[in-house]
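Here's a friendly walk through one protein model. Have a look at it first, then read on.

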Amino acid sequence: MADAVVLNARVGRVMPNPLFGARGQLPVAAPRAQPAGVPRQWWLLGLLLAALWPHGVWLARRLTDGSDEPWGLLALATVLVLVVRARRELVMPARAALVAGGALAVLAALATFVVPPIFAAGMAMLALATFLASALPRRPAAPMATLLLLSLPVIASLQFYLGYPLRLATAHAAAPLLTLAGVDAQAAGAALLWQGGTILVDPPCAGIGMLWVGSWAAALLSYLSGASARRTLANGCVAAVAVFAANVLRNALLFFPEAGLVPAPAWLHPAIGLAAFAAALLPILAFAGRAPVALRAVSRSAGRAPAQWPGGIARRTR
């Protein structure tokens with residue numbers, strides 16, 4: 001019985017053979033060891049950033065020389081945090097994405113001799129967005145590209161091109177609200193006329209800063225909720241409408257202290273601005289923070305609800 005136990009203990013053991021790994025078995029190649037160090041996708045990302053360094057230098061100068069509001073730093077920090085959070089998901093981009101990103105980087109370099117630097121920097125951001133969209137295939141690409149474009153110093157340009165049209169539209173939209181409140185004010189250009197006085201809608205009241213922050217919030221919420229490109233565009237449109245409506249309400253309320261109808265302490269003007277900004281963020285959060293219908297359907301079919309971010313924002317399920 002002891003011999004039987006010894007025999008059973010040796011079943012399956014064969015003697016090694018110089019030609020075969022084991023008698024009667026073909027040799028099996030040992031698994032190739034993974035190279036240690038930084039993965040290739042990170043090296044390629046660093047190489048792309050190095051190729052775009054002239055645009056980065058220009059961007060840093062524009063954001064710190066006082067010629068524009070430095071809100072772009074918030075967008076850049078947001079992208080950095082999102083990429084670092086998803087660093088374990090970073091994979092090798094597809095060859096087509098590498099070619100497209102490289103072509104955009106070359107076009108961005110050539111464009112510096114033809115177009116203003118902000119347009120060349122925009123091409124550089126699109127090159128980076130193309131790389132990240134392929135390297136993070138489980139993350140929404142359109143919101144990431146939007147955040148990268150928002151990092152450009154665009155507020156001064158928007159103020160120059162859109163400032164007066166927005167002030168004009170704001171004045172003409174605020175006049176009917178004042179009429180409903182019992183104040184017979186008339187819109188004249190970018191101003192409100194009342195009892196022989198003129199209350200101007202000045203450049204800060206055009207709402208460009210609010211529009212930028214609303215767009216940033218919509219893009220971030222689109223990313224966190226896993227929105228498609230179409231849904232990201234819809235979120236941006238809702239943000240623009242909400243910001244414009246809140247800015248009209250702000251200017252209508254500011255008319256009363258500016259016209260001397262109510263006391264005007266020093267804190268009233270910024271307080272009304274903050275209240276209007278909060279009023280704009282509420283519909284943006286309610287609309288852009290919802291998970292897309294397709295994502296909710298997939299989650300229900302899987303038998304679980306979408307994961308929630310703090311504040312009720314649905315997150316992409318993995």
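## Ground rules

This is a predicted model, where local features need pLDDT of at least 70, side-chain atom pairs count only at pLDDT 80 or more, and totals for chains, interfaces and linings use all residues. Residues are numbered from 1 along each chain as its sequence is written, and side-chain values use heavy atoms, with hydrogens and water left out.

## The largest pocket

A pocket here is an open set of points on a 1 Å grid over the protein atoms alone, where a 1.4 Å probe fits, with protein on both sides within 12 Å along at least five of seven lines; lining residues have an atom within 4 Å of a point. In the largest pocket, 21 residues make up the lining, and Leu 49, Leu 76, Met 125, Leu 128 and Leu 148 lie nearest the centre. Helices H2 (40-51), H3 (53-64), H4 (72-85) and H6 (117-135) each give two or more residues to that lining (helices are DSSP runs of H or I, at least four residues, numbered from the N terminus). The biggest contributor is H4, with six residues.

Now pick out Leu 98, which sits in helix H5 (residues 95-111). Is Leu 98 buried, partly exposed or exposed? It counts as partly exposed, because its relative accessibility is 31%, and that label covers values between buried (under 20% relative accessible area) and exposed (over 50%), using a 1.4 Å probe and protein chains only.

Leaving aside neighbours within four places in sequence, Leu 98 is in contact with Leu 44, Met 92, Pro 93 and Phe 131; contact means heavy atoms within 4.5 Å. The C-alpha atoms of Leu 98 and Thr 130 are 8.0 Å apart, with the two residues 32 apart along the chain.
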